[in-house]
Amino acid sequence: MAETDEPMLVDGDTGSTSDWDDRWNHIKKFLERSGPFMHPDFEPSTESLQFMLETCKILVIGAGGLGCELLKNLALSGFRNIHVVDMDTIDVSNLNRQFLFRAKDVGRPKADVAADFINSRVPGCCVIPYFKKIQDLDETFYRQFHIIVCGLDSIVARRWMNGMLLSLLVYEDGVLDPSSIIPLIDGGTEGFKGNARVIFPGMTACIDCTLELYPPQINFPMCTIASMPRLPEHCIEYVRILLWPKEMPFGDDVALDGDDPEHIQWVYQKSLERAAEFSITGVTYRLTQGVVKRIIPAVASTNAAIAAACATEVFKIASSAYLPLNNYMVFNDVDGLYTYTFEAERKENCSACSQVPSDLHFSPSSKLQEVLDYLTESTSLQMKSPAITTTMDGKNKTLYLQSVASIEQRTRPNLAKTLNELGLADGQELAVADVTTPQTVLFKLCFTS
């Protein structure tokens, strides 16, 4: 797409960008005439295209490998009102596949550069960037969008976004108000494998309904990390898990941030020292960042295929011209090309999207540590650092909170106490907060004999 291929035509009266003849012919063929694959209730007209061009507001989360492809695809498909959120800055290693960026952009926010590039190359498109974490934006921000598309490399961020959209749902007498549903299109890649899925919050399976489908996080045995490291990754994990909380290099209660260069540099230097002690080679800054952030190598062609699938689903939902994917597509081009779709079903007891608290089955003699282990190790929950609170005698009581060092020290003895000793009763509700969701998740304690 050369810079001079598409002329910028501006209406002198309004200052708005005009379209030239035949610009949207490729889109009109899908929206203004009938076809064998159209939605049975769809009536071809010019209104769908006008909605896409003038009204439909899309949010793209992530401006990396998937995000760059998504922004390009959406802009060239007729979506003009696009917002993009990304918390990262451009690194040299991004340039081989994140094609909206150039060497001169290294160090700048991905969202800003991606928006500038699309706005300058696609006449009439207005991409608005946000150099922020998704957690820094509130309900009012997310409520304004018609469709949200995720191009993330983090399961935690996916789950948080899933929780946010679930929190926006409105129920009247137990019946879901369809107007409160914001469709979520989620794409993910891992090397030569990928997936695309369509989620209608409150109606179809959500992210947490299918946590078992995500690849397990690689964890090294603690004895190996602490006593017998053999790999550079062992040295980095030693610093991340054991040395950081012990030395607190940036002050008390400061958690390790994989996106903070100063934090990564500290971990890198300490990992080098650990590696030298055991004559281990291979510790690099890039590997350190990859281990801390759980970065998975990306392949440009996989990103392109998954982004194309996601953009197609956005087009189908925005235009209502075709039935959307139902609801999970798997893509694999490791050996040849293999793809299939299936319908992921909602879990009745999903802790994220069910309307009743999930049951926690423990005996009164179980220790709080066992509850904590279940919340973090269960394949259906996979929480990261759950904070457990309850209500006793009309007052909130914190049973355990890990993220703040001073409170963690004060509540740590509770982990060794039984549920009975903590004064918990059968049927009591436990409120659990975690980084995987913006909502507090409620559980009902069910004592077993």
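**Cysteines and a sheet**

Q: How many disulfides does the structure hold?
A: The structure holds 0 disulfides, a disulfide being a pair of cysteine sulfur atoms within 2.5 Å. C209 is in no disulfide; its nearest cysteine sulfur, that of C353, is 3.5 Å away. C310 is in no disulfide either, and the nearest cysteine sulfur, that of C150, is 9.2 Å away.

Q: On what basis are these values given?
A: This is a predicted model, in which local features need pLDDT of at least 70, side-chain atom pairs count only at pLDDT 80 or more, and totals for chains, interfaces and linings use all residues. Residues are numbered from 1 along each chain as its sequence is written, and side-chain values use heavy atoms, with hydrogens and water left out.

Q: Is C209 buried or exposed?
A: C209 counts as buried because its relative accessibility is 4%; buried means under 20% relative accessible area, exposed over 50%, partly exposed in between (1.4 Å probe, protein chains only).

Q: Now the sheet: what is the strand order?
A: The order is β13-β17-β16-β14-β15, an open sheet with mixed pairing. Strands are DSSP runs (E, at least two residues), numbered from the N terminus, and two strands pair if DSSP finds at least two bridges between them. The edge strands are β13 (358-362) and β15 (395-400).

Q: How do β14 and β15 pair?
A: They pair in the antiparallel sense over 5 bridges, and I388 has Y400 as its bridge partner in β15. These two strands form a hairpin with 2 residues between them, and D393 in the turn has a positive phi of about 55 degrees.

Technical notes. Helices (H or I, at least four residues) and strands (E, at least two) are DSSP runs, numbered from the N terminus.
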